[in-house]
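Here are my notes on this one, as numbered points. Have a look at the model first, then read on.

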Amino acid sequence: MFHEKMLCDVCKSEISQYYDESYKGNRGKCTICGIDFPLE
Ligand SMILES: [Zn+2]
């Protein structure tokens, strides 16, 4: 289940959300500044 649309804390652009197979969970990534973090 994906979260509501999120904005990056740093650059305020839209966070893209994806399922990571190795992590076995949803992650969010900012394509502008490259931060990547777990969503749960
Ligand atoms: Zn960003």
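1. A word on terms before the details: two strands count as paired if DSSP finds at least two bridges between them. Strands are DSSP runs of E with at least two residues, helices are runs of H or I with at least four residues, and both are numbered from the N terminus. With that in place, the bridge partner of Gln17 in S2 is Gly28.

2. Keep in mind that this is a predicted model: local features need pLDDT of at least 70, side-chain atom pairs count only at pLDDT 80 or more, and totals for chains, interfaces and linings use all residues. Residue numbers start from 1 along each chain as its sequence is written.

3. What does the secondary structure of the protein chain come to? You get zero helices and three strands, and along the sequence the pattern reads β-β-β.

4. Now the S1/S2 pair. Strand S1 (residues 16-20) runs antiparallel to strand S2 (residues 25-29), and five bridges join them. Tyr19 sits opposite Asn26 of S2. The two strands make a hairpin with four residues between them, and Lys24 in that turn has a positive phi of about 60°.

5. On to S2 and S3. Here three bridges link S2 to strand S3 (residues 36-38), again in an antiparallel arrangement. Arg27 is found opposite Pro38 in S3. This hairpin has six residues between its strands, and Gly34 takes a positive phi near 85°.

6. Put together, the three strands form an open sheet in the order S1-S2-S3, with antiparallel pairing. S1 and S3 are the edge strands, since each pairs on one side only. Neighbouring strands of the sheet are turned by 35° against each other on average, direction ignored; the axes behind that angle are lines fitted to C-alpha atoms, and angles run from 0 to 180 degrees between N-to-C directions.

7. Finally, the chain as a whole. The C-alpha trace spans about 25 × 20 × 10 Å along its principal axes. Of the 40 residues in the protein chain, 5% are buried (20 or more other C-beta atoms within 10 Å of the residue's own, with C-beta atoms placed from the backbone). Among contacts (C-beta atoms, placed from the backbone, within 7 Å) with a separation of 6 or more, 13% involve residues 24 or more positions apart.

Definitions and conventions. A residue is buried if 20 or more other C-beta atoms lie within 10 Å of its own, exposed if 12 or fewer, and partly exposed in between; C-beta atoms are placed from the backbone. Two residues are in contact if their C-beta atoms, placed from the backbone, lie within 7 Å.
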